[in-house]
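Please keep the sequence and the 3D view at hand while reading.

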Amino acid sequence: MDELDQKILGLLSGDARMSLATMARRLRIARSTVQARLERLETGGVIAGYTVKLGEAAKAGRLRATALLEIDLRVQPAILQKLRSLPEIERIITTSGRVDLLLQIAANSTQQLDAVLDVIGEIPGVQNSESFIHLTTKLDRAV
């Protein structure tokens, strides 16, 4: 990945809907060059997809939490399959250290969050869990 690829990624990070023509104008290169570079970045796995980042208006009213799980690693695939089926779970991350999985959860109410945490705790192989309700996001650089 060279400097031009980095510039293209920078533009897309700011506005994933930016047209090829606009990118080409800003970078002062041919539209076909931008298109070829994007195709190469997509094919090479540098760009995995294009998505929507929800704004605060869409997130308003959603309760967010993190759950830390200690699990029996021998049954991790079954646990992951069950976790993936829960629509409130936005992200599952494996970790090193004291806990095995970190879950990011979004719910519409404390009752819904409580119910989701109960379901998680009942999954065979989940040995221990600890949850934290998010209060205020002070910095979010994630895309």
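Asp-72 is found in the loop that lies between strand E1 (63-71) and helix H5 (76-84). The structure is a predicted model.

- The relative accessibility of Asp-72 is 17%; because buried means under 20% relative accessible area, Asp-72 counts as buried.
- A polar contact of 3.0 Å joins the side chain of Asp-72 to the side chain of Arg-74.
- Leaving aside residues up to four places away in sequence, Asp-72 touches Ile-79, Gly-125 and Gln-127.

**Helix H1: length and start**

- At the start of H1, the backbone nitrogen of Leu-4 has a side-chain oxygen of Asp-2 within 3.1 Å.

**Helix H1: its two sides**

- The buried residues in H1 are Leu-4, Asp-5, Ile-8, Leu-9, Leu-11 and Leu-12.
- Viewed down the axis of H1, these buried residues fall within an arc of 160 degrees, and therefore they line one face of the helix.
- The partners against which the buried residues of H1 pack are helix H2 (20-27) and helix H3 (31-43).
- Glu-3, Ser-13 and Gly-14 are exposed, and they are carried on the face of H1 turned away from its buried side.

Technical notes: Residues numbered from 1 in each chain as written. Predicted model: local features only at pLDDT ≥ 70, side-chain atom pairs only at ≥ 80, totals over all residues. Heavy atoms only, no water. Helix = DSSP H or I, 4+ residues; strand = E, 2+ residues; numbered from the N terminus. Buried < 20%, exposed > 50% of the residue type's maximum accessible area, 1.4 Å probe, protein only. Polar contact = N/O pair within 3.5 Å; in protein donor to acceptor, adjacent residues only side chain to side chain. Contact = heavy atoms within 4.5 Å. Arc of directions from axis to C-beta.
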